[in-house]
Amino acid sequence: MKKPKQVTAVLFNSISFLSHFLVFYLIYYFATERIRKYLLLSFGVYFYSQWNLNATFLLFISVVFNYSLGRYLTLLTGKTKKRTFVLGITANLVYLGVFKYFVFVWELFGDLKVGFGFPGLEWKPEILLPIGISFYTFHNISYLIDVYDEKILPCKNFFTFAIYDLFFPLLLLGPIERPGNLIPQIESKQIILKENIWNGISLFLWGVFIKSTIADPFSRYVEIHAKGFETLEPGILWIVAPVIAFQIYADFFGYSLCAMGLAEMMGFRLMNNFKRPFFSSNPAEFWSKWHISLSTWLRDYVYIKLGGNRHGFFRENINLMVVWFLAGIWHGAGYGFVIWGVYLGLCLVLYRCQKHFGLVKQGNRLQSILGTIFTFYSFSLGLLLFRINSPSETKLILENLSFFPKLSSIPMMIVITLIPLFVFDFWQEWKSTERPTFFISTKPYSFLFLFAFLFFWFSLFSPFGKQDFFYFQF
């Protein structure tokens with residue numbers, strides 16, 4: 001199925017971004033509190049407009065609409081307030097649906113026509129998919145919900161809300177920050193300490209490093225070995241699937257680290273989006289550590305609103321399936337994303353059933369080890385569904401997985417390249433850190449050692465070409 005039209009975005013690991021950010025940061029660091037607010041908004045607009053000017057205009061419309069609606073909700077009561085709130089949420093979902101799902105629905109309609117023996121659709125729409133639309137739309141929905149539930153007061157200052165939507169470190173790929181966390185930081189004075197700068201730079205460097213030396217080379221391997229499921233070597237998907245998992249992890253974790261690092265350098269603290277998910281021994285634990293901002297957003301704004309676990313075990317699992325079906329659609333418009341969401345929901349329901357009927361034993365080390373392997377592979381194999389363009393390709397995947405792979409097919413370069421990431425995650429797990437950290441702060445010699453190591457490894461394994469972050473398509 002044809003994807004919506006997409007355009008290459010500005011990358012954090014590009015010379016263009018780094019040079020512009022350096023100039024911005026030097027001005028920002030020495031500017032007054034008031035000037036910093038204007039700088040943040042201006043750079044956010046400039047940063048996004050470097051990708052596409054028309055999409056920037058669409059984003060600005062979304063900002064004005066949600067800011068105005070948030071202020072208006074506080075003037076209403078009763079049924080009028082509820083109807084206005086529902087209208088606002090619907091408007092955001094329609095906005096997301098038109099740009100992200102219209103092409104998919106149109107082509108699905110065409111496929112159904114052909115399936116029933118009618119001629120296909122000759123005209124096929126091309127609609128620009130604004131980068132980061134899923135992230136900033138969820139930003140706005142959570143803002144309206146929290147204002148409606150009176151968990152937060154609406155922004156009185158338009159510039160504050162505009163910065164909330166256009167905060168450039170998380171504008172393209174999140175994390176999906178909660179308004180109750182980010183807006184108070186925007187409204188308060190940013191105090192930048194020396195340790196903020198050291199920690200911010202180290203997080204940013206590590207994010208760029210794993211993106212450039214792991215995610216980008218792995219994406220090339222995946223494209224070469226999974227061009228078409230019908231031509232693959234039997235059993236090779238048992239090897240390709242984990243490579244995809246580490247590719248997406250290094251890619252998205254790398255972006256999140258860059259976002260956290262840039263924000264910390266400017267005096268902000270963003271939520272941690274990953275917490276060593278591949279150490280998880282079950283699906284529930286995994287989704288408490290992977291893309292934390294999305295999984296907790298779905299929990300708080302969808303699962304709990306549907307009733308959560310308050311109406312019995314059966315209803316609880318139905319709610320879970322609804323949540324993960326929506327999670328699949330959120331990730332993209334395509335058959336594979338829908339199947340992927342249902343698959344993840346079933347994995348969670350199956351685990352919860354095992355736990356409900358006492359089949360999961362707490363503290364059993366062997367079960368924990370086997371559970372970690374199973375959880376990792378169930379997630380990795382599920383990522384193959386991202387690449388499905390038609391339901392018939394699911395059969396091809398299952399046929400390939402019915403064979404065992406050859407040990408000679410395991411690329412040693414992939415294993416070697418993963419060493420730094422393995423070491424870092426093992427170290428963080430050993431230290432039980434809540435957020436990724438190098439414990440550098442005010443230790444410049446440790447930082448210089450880290451910088452030298454990253455430079456050496458980068459020179460050995462980094463590809464010369466740069467690729468978009470994987471989640472730009474969402």
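Start by selecting lysine 305 and aspartate 149: their side chains meet in a salt bridge, with 2.9 Å from N to O. This pair links distant parts of the chain, 156 residues apart. Lysine 305 sits in the loop between helix H12 (292-303) and H13, and aspartate 149 in the loop between H5 and H6. Keep in mind that this is a predicted model. Colour both residues by accessibility. Lysine 305 counts as partly exposed, at 48% relative accessibility. Aspartate 149 is also partly exposed, at 30%.

**Next stop: glutamate 150**

Select glutamate 150 and lysine 81. Their side chains form a salt bridge, 3.6 Å from N to O. Again the partners come from distant parts of the chain, here 69 residues apart. Glutamate 150 is in the loop between helix H5 (133-148) and helix H6 (158-166), while lysine 81 belongs to helix H4 (residues 78-115). Which of the two is buried and which is exposed? Glutamate 150 is exposed, because its relative accessible area of 64% is over the 50% cut-off. Lysine 81 counts as buried, because its 11% is under 20%.

**Across to lysine 275**

Now pick lysine 275 and glutamate 434. They form a salt bridge whose closest N and O atoms are 3.1 Å apart. Lysine 275 lies in the loop between helix H10 (237-265) and helix H11 (283-286). Glutamate 434 lies in the loop between H18 and helix H19 (444-461). The pair therefore ties together parts that are 159 residues apart in sequence. Lysine 275 is partly exposed, with a relative accessible area of 22%. Glutamate 434, at 55%, is exposed.

Then select Arg178, Arg299 and Asp300. Salt bridges with shared partners join these residues into one network. How many salt bridges does the structure hold? The total is 10.

**Helix H18**

Select residues 419-431, which make up helix H18.

Highlight Pro420, Leu421, Phe424, Asp425 and Gln428, which are buried. Look down the axis of H18. The buried residues fall within an arc of 125 degrees, so they line one face of the helix. An α-helix has 3.6 residues a turn, so residues three or four places apart point the same way.

Which exposed residues does the face turned away from the buried side of H18 carry? They are Val423 and Trp430. Step just past the end of H18 to serine 432. Its phi is positive, about 55 degrees.

**Last stop: a nonpolar patch**

Switch to a surface view. Select Leu306, Phe314, Ile318, Val322, Phe325, Leu326, Val342 and Leu346. Together they make a nonpolar surface patch of about 660 Å². The elements that give two or more residues to the patch are helix H13 (313-331) and helix H14 (335-356). Which element gives the most? H13 does, with five residues.

Finish on phenylalanine 325, found in helix H13.

Methods. Residues are numbered from 1 along each chain as its sequence is written. This is a predicted model: local features need pLDDT of at least 70, side-chain atom pairs count only at pLDDT 80 or more; totals for chains, interfaces and linings use all residues. Side-chain values use heavy atoms; hydrogens and water are left out. Patches are made of residues with over 30% relative accessible area and no salt bridge: like charges are joined within 9 Å, nonpolar side chains (Val, Leu, Ile, Met, Phe, Trp, Tyr) within 5 Å. Accessible areas come from the Shrake-Rupley method with a 1.4 Å probe; for residues, only the protein chains shown count as cover. A salt bridge is a side-chain nitrogen of Lys or Arg within 4 Å of a carboxyl oxygen of Asp or Glu. Helices (H or I, at least four residues) and strands (E, at least two) are DSSP runs, numbered from the N terminus. The expected span of a helix is 1.5 Å times one less than its number of residues. Buried means under 20% relative accessible area, exposed over 50%, partly exposed in between (1.4 Å probe, protein chains only). The arc is that of the directions from the helix axis to the C-beta atoms.
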